[in-house]
Amino acid sequence: MSPPSITDLDELGLDQGGHLLLHRAVSRAAPGQVVEVRGRAPQLRVHLAAWCRSEGHEVEMAEGPGPVAGWIRPGPATGARWHGAERSGPELAERAPTRWGLAARGATVEAGGVEFPFPLNDRAAVWTDAAPAIYRQAAAAQWDPATAVDWNAPVELDDDVEAAIVQVMTYLVENENAALAVPARFLGRIHPHFREVVAVLAVQVADEARHVEVFTRRAELGGRPLGLSTVGGQASLLTLLEEPDFAVAHFLLSVLGEGTFLHLLSFLERHAPDPVTARVCHLALADEARHVAFGMAHLAAVLEADPGLRPRLAAAIHQRHDALAQTAGLNREVFDALVVLAAGSWAPAALGDGFRRVQELSVEMDEGRRRRLVKLGYHPEEAAALSSLHTRNFM
Amino acid sequence: METLLMGAVAYDAKVVTIWDGFKQWFSANGLAFDYVLYSNYERQVEALLDGHVHVAWNSPLAWARAHRMAEARGIEVAAVAMRDTDCDLTSVVVVNAASGIEDLAGLAGRRVAVGAVDSPQATLIPLSYLRSEGLEPGQDFDLVHHQVGVGKHGDHIGGERDAARALVAGTVDAACMIDSNHLLFSAEGTLPPGSTRIIAQTPPYDHCNFTAAATAPAALLEHFRSLLLGMSYDDPEVRPLLDLEGLKAWRDGRVTGYAQLEAAVDESGFYDQEGHVAAVDYRP
């Protein structure tokens with residue numbers, strides 16, 4: 001049998017942190033080895049007996065005065081808490097057990113924990129190797145609405161053009177509200193083991209919150225009330241919010257919806273009649289491009305693992321189209337506002353130019369959707385057919 | 001199927017969590033088990049002796065009453081099992097380090113804080129110890145009770161904590177508490193570290209036990225006991241239950257550690273020999 005290990009607490013009491021030394025000594029003791037405890041704290045002996053009782057150790061108290069307070073014989077529960085514990089990383093699990101809960105990836109998780117409701121815990125369903133880099137980009141690209149936009153820049157527009165801007169901003173806020181709510185709905189369901197994916201979506205939600213803010217502020221800049229919100233537009237967005245499948249929702253929102261919005265925001269920046277409108281669209285466009293990149297990377301990874309998802313995604317486009325067949329799609333007021341905005345005035349020739357530009361925008365949007373669908377493995381003909389079924393509401 | 005029925009006192013909301021957990025675990029291990037909660041130990045002991053429950057999770061004071069009542073009725077009760085943490089406890093008498101009180105003699109004419117009137121560890125046992133050292137409570141020193149959770153036999157820690165706070169506040173000259181609570185109160189800061197001195201410590205005594213009535217179905221009771229003793233802290237399924245109930249392992253019941261409390265009960269007239277409640281002003 002090993003000779004006793006000696007732990008000297010000096011003047012430190014067990015009520016002053018001395019228990020750390022005892023814990024360490026007991027956990028390092030060889031099987032059967034006794035820990036001799038020395039110390040001069042006045043209440044050490046009383047506390048040593050109480051501590052050993054609560055920790056399940058046997059203790060023999062020393063008689064009489066002297067430096068030795070007693071001898072601990074570590075009990076069978078020593079270290080038992082970590083029997084059966086699992087390392088939750090550092091490499092990614094194919095399926096993160098729900099019993100790992102909120103533990104940091106790579107932490108040692110005590111056995112017997114409660115199950116957490118993280119149903120999105122399959123690597124194949126949530127992960128893309130692009131997530132860490134996209135998160136780093138996203139974190140580095142955050143901007144402050146208060147300083148990133150010169151809110152005092154001159155905005156003196158014709159009343160009718162200002163009204164068109166307000167209508168477009170009203171429409172953008174409505175759509176950004178949807179783009180915020182969709183990832184937010186999935187955020188709490190994704191296993192935190194895939195923390196980079198959670199982080200990208202969390203920043204995405206924060207991005208959309210900023211977009212809602214800056215578009216609202218631009219709308220209010222001219223002192224007009226906000227514009228119109230239509231039944232058809234909201235019905236289209238509701239189908240996004242109601243989609244229960246993460247991959248399908250991400251496809252519809254980020255690949256198709258936000259992908260289409262890239263063209264819209266670029267168009268608005270290009271034709272903006274004032275510097276504030278141009279700036280807020282520019283800032284949102286940079287964020288949305290990142291959201292689309294993440295959506296593409298995620299869908300590409302999921303499709304590689306599960307090619308059977310491709311027809312299901314296509315079916316989702318058909319289903320959404322059918323669900324929205326009886327609605328008006330993009331509201332007339334938004335379409336007209338885009339024409340006026342692109343025209344810059346109500347002069348007939350300018351309106352004609354504006355109308356042509358919006359038509360060109362529609363073509364660009366369609367080309368962009370087809371390009372992304374082909375990149376995800378759809379045949380160009382199928383991509384064209386699917387793109388044509390995309391909601392007329394753009395998002 | 002016959003069910004083993006256990007009584008427990010609801011001294012805290014966690015009692016429901018604890019015994020629900022045990023019930024599920026016993027059930028998964030083939031023992032039909034259920035529990036009944038009482039608001040105080042006196043009601044629980046009477047229920048045990050009247051056959052309403054087979055076994056009671058008893059405080060040491062409840063054990064003292066149960067076996068007195070059983071003997072008076074000519075029946076038997078037995079201590080079936082207890083926690084490792086129920087064995088060999090001590091209580092301490094604590095003073096302010098700067099008080100100048102060096103020993104028990106220094107308590108003469110002083111105010112001594114105790115817990116609830118029915119607390120074995122913070123009232124009955126330390127007061128009996130002081131008597132054995134020649135100090136009669138109420139005569140040689142003033143007694144200041146901290147009546148929290150009366151009827152719950154000191155299970156509620158509030159009385160001891162209030163006594164400790166009174167010591168820090170200077171409204172009393174000494175306070176009685178269980179040794180582990182002196183460590184706890186010092187570590188958590190209720191007693192500022194180094195501000196108090198222990199001037200006396202009682203000999204070791206035992207705390208709770210599962211008290212079984214003679215009428216308890218023998219096979220069920222043995223199954224209950226063997227399952228308890230088989231619970232291992234290694235087992236992640238039972239570890240949370242053991243943590244909640246404050247133990248690392250169950251042990252066989254023993255009744256050799258209750259002599260101090262029995263003496264305290266007799267001296268103070270808390271119960272008579274038949275187990276009738278005789279303490280004046282005790283309203284569980």
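How many residues of chain B are in contact with chain A? The count is 22 residues of chain B, facing 22 residues of chain A; two residues are in contact here if their C-beta atoms, placed from the backbone, lie within 7 Å.

A quick word on the ground rules. This is a predicted model, where local features need pLDDT of at least 70 and side-chain atom pairs count only at pLDDT 80 or more, while totals for chains, interfaces and linings use all residues. Residues are numbered from 1 along each chain as its sequence is written, with chains lettered from A and ligands numbered from 1 in the order in which they are written.

Helices (H or I, at least four residues) and strands (E, at least two) are DSSP runs, numbered from the N terminus.

Now look inside chain B. Across the boundary, 17 residues of domain 1 of chain B are in contact with 13 residues of domain 2 of chain B. On the domain 1 side, α2, α3 and α9 of chain B each give two or more residues, with the largest share, seven residues, from α9(B).

Here is the make-up by class (nonpolar: Ala, Val, Leu, Ile, Met, Phe, Trp, Tyr, Cys and Pro; charged: Asp, Glu, Lys and Arg; polar: the others, Gly among them).

| Side | Residues by class |
|---|---|
| Chain B, touching chain A | nine nonpolar, five polar, eight charged residues |
| Domain 1 of chain B, touching domain 2 of chain B | 10 nonpolar, five polar, two charged residues |
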